[in-house]
Structures are given as C-alpha cells and as structure tokens.
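Please prepare a short briefing on the structure shown below.

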Amino acid sequence: MREFRQAGFSAAFPHLRADQYQLRTLEQTQVRKPHSPNPLIQACSLTRRYPNGVAALEEVSLEVAANEFVAITGPSGCGKSTLLHLLGGLDSPDSGELTVGGLPLHSAGDKELTHFRRHVVGIVFQFFHLLPTMTALENVMLPRLLHGEPPREVRPHAASMLELVGLADRAGHFPHQLSGGQMQRTAIARALVHSPALLLADEPTGNLDSASATQVLELLRKIASEGRTTLVVVTHSAEVAAMAPRRIRMQDGRVADEST
Ligand code: ADP
C-alpha cells in the first residue's frame, strides 16, 4: 500500500517537491517589454525539441495578463501540452525566455522551480489523478498537507474549495463513488487549494461526457470570471475554446493566430 501511495503521489503531484525559495520580482527579469501592464506570463521565442528530434515548439512568443482566461487550441500534436508543461515548470525550453509570476523559468534553479510548482501554479489533467484511497476532501487537502501544513488549518479551506466546485455534499466520497465530472471538479478544487496565481488545465473535458463537460466548463468560466486566478486551458475542442475570451491557435509548434 505504501508503494502504491508513493507512486500515486508522484503521478498526482508531478509539480510538488520539498524546498522553498523567494520569488524574484518582475523588475529583476530581462524578458522583453510587456504589452500588458500586468503580465503574469511572458514567453519569448520558446523552442522545445525532444531528444528524438521532434521540434514540438518553435519560436513561441506570447503574453498572458494576470486574471486572463486564455484557451490554447490546435490539432493534436501541434505542441499544446508541451507549452503547458513549460508554463507549469514541469519541463524547460531548449531556448527562449519564459517568465511566470516574476520567476524566469528558463534560468530558474531546482529550489526556485520547486517553490513555483508548489505555490504559484495549479494543474488540472485530463485523467484527474485523484488518489483512490482518499476521500474527495482528503484529495483536496493533500497538496497542502504535503507542504507540512496542519490538517486542522487545511481542512476548512479545502472544504470551501469543494463548496466552490459544488461538491460540499460529496466531501466524504471516494473517487470511485464520484462521476467523471465530479472527479474533475474535485481535481479543480485540489488545484486551487493553495490559491495559485496560475491555473493550467490540459484537456480538462477530454475524458467527460458532454453533460459533465458542460458543468466543468461552466465551473472554469466561473472561476475565471471571479478573478480567482489566471486560467490557461489547452484544448483541441472548439466548444471549450469558445468559452474563453481569448484564444491562441497553434499549428506545427508555432502560434498560428489568436482571436478575442
Ligand atoms: P498536443 O498537446 O498539441 O497534442 P504535444 O505537445 O503533446 O502536442 O506534442 C507535440 C509534438 O511533440 C508531437 O509531434 C509529439 O509527438 C511530440 N512529443 C510530445 N511529447 C514527446 C516526448 N516526450 N518525446 C518525443 N516527442 C514528443
């Protein structure tokens, strides 16, 4: 059981590690002059090539303002997930500059990246990655418990996040007792439990039936409209993209165009 739990932890929380650092301020960074007065994300000429020679990203530049809701769209294989992984500090560009929340990720050390993953970003995946042996509430509490916070302090906030996603009455349910949409809403509550400045969602409705997908989309739209966090959603679904006020379309590893 312990081995299973350890494997589950790393699958569910690839962005969680153990150390701490101080965020650098935007003023300390050398990334190009922002178009937006308050950019949370500044990416300049990002390139990512995999060892097999595949150029997943080529010269990608973009800015996202704090509290924006942006959809990144494009066909399968165009580099959306690769870009999301860079934005989440899960992977590094081969060249280019990427600053998120004031931290230049392209030159950040391990401690800075660890702090970034733990405190600045929350990630929602297509396949939920909930731990099956924990209740919905425990799953939502877990990231902050892993940070060493006491359960009595974490529990009320985790409960309020479950309430936010409309699952207050499912707090004691295990994942197998939840529908797909409820599991994804629990995963969204978990991603928000540490109040991240940036919420990334990778095909969040890709594994849901259309009714559940609509509920999850409505929830994401509500989270964005309340200004709780900056929201970047990767999707190949036109319906999902249509929910976002700004859409960036990728093609063959490049930004093809964008619309608002
Ligand atoms: P999308 O999310 O738009 O489907 P990805 O970012 O997953 O696209 O992939 C972009 C390209 O990089 C694809 O050609 C894909 O096959 C390739 N790719 C993705 N991950 C890896 C990897 N770990 N190793 C090698 N190639 C990869």
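H129 lies in the loop between β6 and α4, where helices (H or I, at least four residues) and strands (E, at least two) are DSSP runs numbered from the N terminus. This is a predicted model, in which local features need pLDDT of at least 70 and side-chain atom pairs count only at pLDDT 80 or more, while totals for chains, interfaces and linings use all residues. Residues are numbered from 1 along each chain as its sequence is written.

- The phi of H129 is near 55 degrees, a positive value in a residue other than glycine.
- H129 counts as partly exposed because it has 18 C-beta neighbours inside 10 Å; a residue is buried if 20 or more other C-beta atoms lie within 10 Å of its own, exposed if 12 or fewer, and partly exposed in between, with C-beta atoms placed from the backbone.
- F128 also lies in the loop between β6 (121-124) and α4, and its phi is positive, about 70 degrees, although F128 is not a glycine.
- F128 is buried, with 22 other C-beta atoms within 10 Å.

**The chain as a whole**

- The protein chain contains eight helices and 10 strands.
- Of the 260 residues in the protein chain, 43% are buried.
- Among contacts between residues at least 6 apart in sequence, 71% join residues at least 24 apart; two residues are in contact if their C-beta atoms, placed from the backbone, lie within 7 Å.

**Helix α5**

- Helix α5 (residues 151-164) has 14 residues, which at 1.5 Å a residue should span 20 Å, and its end C-alpha atoms are 19 Å apart, in agreement; the expected span is 1.5 Å times one less than the number of residues.
- The buried residues of α5 are V154, A158, M161 and L162.
- Seen down the axis of α5, these buried residues fall within an arc of 100 degrees, so they line one face of the helix; the arc is that of the directions from the helix axis to the C-beta atoms.
- An α-helix has 3.6 residues a turn, so residues three or four places apart point the same way.
- The exposed residues R152, E153 and P156 are on the face of α5 turned away from its buried side.
- The cover over the buried residues of α5 includes α4 (136-146) and α6 (180-192).

**Helix α7**

- The 16 residues of helix α7 (residues 210-225) should span 22 Å at 1.5 Å a residue, which agrees with end C-alpha atoms 22 Å apart.
- A213, V216, L217, L220 and A224 are buried in α7.
- They cover an arc of only 100 degrees around the axis, which puts them on the same side of α7.
- The buried residues of α7 pack against β3 (69-73), α6, β7 (198-202), β8 (230-234) and α8 (238-242).

**The nonpolar core**

- The largest nonpolar core has 71 residues, and L162 is one of those with the most contacts inside it; such a core is a set of buried Ala, Val, Leu, Ile, Met, Phe, Trp, Tyr and Cys residues joined through C-beta atoms within 7 Å.
- Helix α6 gives the most to this core, with six residues.

**The ligand**

- The residues surrounding the ligand include Y50, N52, K80 and T82; a residue is near a molecule if its C-beta atom, placed from the backbone, lies within 6 Å of it.
- Helix α2 (residues 80-87) gives the most to this shell, with three residues.
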